[in-house]
Amino acid sequence: MGASDRSGNPGLNIMWVEDWATRAACQAGTPDALFVRGAEQNKAKQVCSGCAVRTECLAEALDNQIEWGVWGGMTERERRALLRRRPAASWRTVLETARDQQTPVSL
Ligand code: SF4
């Protein structure tokens with residue numbers, strides 16, 4: 001799979017990476033490093049700050065309601081809070097639109 005650009009204007013928008021897992025910054029570490037518990041997740045998520053596919057990873061976790069581990073720079077607790085606020089959202093749509101428009105996500 002490759003990247004897609006919904007607008008047809010690749011010069012302005014960042015393309016959505018369909019095969020985002022192959023570009024994950026956390027690939028270099030051990031898989032268990034992101035599946036720590038509690039407050040350790042806040043330290044673990046630091047690897048996500050430099051990840052090129054953070055948005056895609058977060059959308060995957062939210063849309064699939066993945067409960068465990070750090071995904072997209074967010075802890076389990078942080079993701080649960082988002083899901084409570086917008087339980088019916090398509091997070092890919094929300095996050096992709098916000099990124100295309102360079103606007104913060106309104107929750
Ligand atoms: S955002 Fe974090 S958990 Fe997701 S792929 Fe990137 S480094 Fe891994």
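1. The ligand shell comes first. Around the ligand stand W20, A24, A25, C26, L34, C48, C51, R54, C57, V70 and G72, each with a heavy atom within 4 Å of it. By class this shell holds nine nonpolar, one polar and one charged residues. Here Ala, Val, Leu, Ile, Met, Phe, Trp, Tyr, Cys and Pro count as nonpolar, Asp, Glu, Lys and Arg as charged, and the others, Gly among them, as polar.

2. A note on the model. It is predicted: local features need pLDDT of at least 70, side-chain atom pairs count only at pLDDT 80 or more, and totals for chains, interfaces and linings use all residues. Numbering runs from 1 along each chain as its sequence is written, and side-chain values use heavy atoms, without hydrogens and water.

3. The ligand sits in the largest pocket, in that more than half of its atoms lie within 2 Å of the pocket's grid points. A pocket is an open set of points on a 1 Å grid over the protein atoms alone, where a 1.4 Å probe fits, with protein on both sides within 12 Å along at least five of seven lines; lining residues have an atom within 4 Å of a point. The volume is about 210 Å³, taken as the space filled by probe spheres set on the points, which are joined across faces, edges and corners.

4. The lining of this pocket has 17 residues, with W20, A24, C26, L34 and C57 nearest the centre. It divides into 14 nonpolar, two polar and one charged.

5. The protein chain has four helices and two strands, in the order β-β-α-α-α-α from the N terminus. These are DSSP runs (helices H or I, at least four residues; strands E, at least two), numbered from the N terminus. Of its 107 residues, 34% are buried, meaning under 20% relative accessible area with a 1.4 Å probe, protein chains only.

6. Helix α2 (residues 54-63) buries E56, C57, L58, A59, A61 and L62. Their cover includes β2 (16-17), α3 (76-85) and α4. Just after α2, Q65 has a positive phi of about 50°.

7. Helix α4 (residues 91-101) contains R99. Is R99 buried or exposed? R99 counts as buried because its relative accessibility is 17%. Leaving out residues up to four places away in sequence, R99 touches I14, M15, W16, T55 and E56, with contact meaning heavy atoms within 4.5 Å. Other buried residues of α4 include W91, V94 and L95. Q102 follows α4 with a positive phi, near 55°.

Definitions and conventions: Buried means under 20% relative accessible area, exposed over 50%, partly exposed in between (1.4 Å probe, protein chains only).
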